[in-house]
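Work through the following exercises with the sequence and the model open beside you. Each one sets a task and then gives a solution in steps.

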Amino acid sequence: MKASEIRALTETELEEKLSALKKDLFMLRMQHATNHLDNPIKISAVRRDIARVKTVQRQKQLEQ
């Protein structure tokens with residue numbers, strides 16, 4: 001997910017996206033622990049998306 005796409009979201013959409021990404025990260029970690037994860041790079045990609053969402057949330061908070 002690109003930063004420009006994330007910036008277009010509203011506050012509530014950002015919260016929903018963040019919770020969905022955290023859930024995805026948990027599931028990926030579980031799959032990795034049980035050796036069912038095909039591509040472990042997905043974990044770092046989801047972590048980066050979480051960081052992007054949190055960054056945009058903080059930027060919007062500072063603007064207010």
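**Exercise 1. Find how far apart the mean positions of the positive and negative charges of the chain lie.**

Begin with the counting rule, under which Lys and Arg are positive and Asp and Glu negative, while His and the chain ends are not counted. Next, place each charge at NZ of Lys, CZ of Arg, CG of Asp or CD of Glu. The chain then has 13 positive and 9 negative charges, and their mean positions are 7 Å apart. The model used here and below is a predicted one, in which local features need pLDDT of at least 70 and side-chain atom pairs count only at pLDDT 80 or more, whereas totals for chains, interfaces and linings use all residues. Residues are numbered from 1 along each chain as its sequence is written, and side-chain values use heavy atoms, with hydrogens and water left out.

**Exercise 2. Determine how many salt bridges the count comes to, and examine the setting of lysine 60.**

In general terms, side chains of opposite charge can pair when their charged atoms come close. The rule applied here asks for a side-chain nitrogen of Lys or Arg within 4 Å of a carboxyl oxygen of Asp or Glu, and by this rule the count is one salt bridge. Aspartate 49 forms a salt bridge with arginine 52, with the closest N and O atoms 2.8 Å apart. Both aspartate 49 and arginine 52 lie in helix 3 (residues 41-63), three residues apart, or about one turn of the helix. Aspartate 49 is buried because its relative accessible area is 14%, while arginine 52 counts as partly exposed because its relative accessibility is 32%.

Now turn to lysine 60, which is found in helix 3. Lysine 60 is buried yet has no salt bridge, and the nearest side chain of opposite charge, glutamate 11, is 5.1 Å away. Leaving aside neighbours within four places in sequence, lysine 60 is in contact with Arg7, Leu9, Thr10, Glu11 and Leu14.

**Exercise 3. Identify which residues form a negative patch and which form a nonpolar patch on the surface.**

Patches are made of residues with over 30% relative accessible area and no salt bridge, like charges being joined within 9 Å and nonpolar side chains (Val, Leu, Ile, Met, Phe, Trp, Tyr) within 5 Å. The negative patch is formed by Glu11, Glu13, Glu15 and Glu16. Glutamate 16 lies in helix 2 (residues 11-33), and is classed as exposed because its relative accessible area is 54%.

The nonpolar patch consists of Phe26, Met27 and Met30, which together have about 310 Å² of accessible area. Methionine 30 is placed in helix 2 and counts as partly exposed because its relative accessibility is 43%.

**Exercise 4. State which residues glutamine 57 and lysine 22 contact beyond their neighbours within four places in sequence.**

Glutamine 57 is found in helix 3 and is buried, with a relative accessible area of 14%. With those neighbours set aside, glutamine 57 is in contact with Leu14, Glu15 and Leu18.

Lysine 22 has its place in helix 2 and, at 43% relative accessibility, counts as partly exposed. Under that exclusion, lysine 22 is in contact with Ile50 and Lys54.

Terms used
Accessible areas come from the Shrake-Rupley method with a 1.4 Å probe; for residues, only the protein chains shown count as cover. Helices (H or I, at least four residues) and strands (E, at least two) are DSSP runs, numbered from the N terminus. Buried means under 20% relative accessible area, exposed over 50%, partly exposed in between (1.4 Å probe, protein chains only). Contact means heavy atoms within 4.5 Å.
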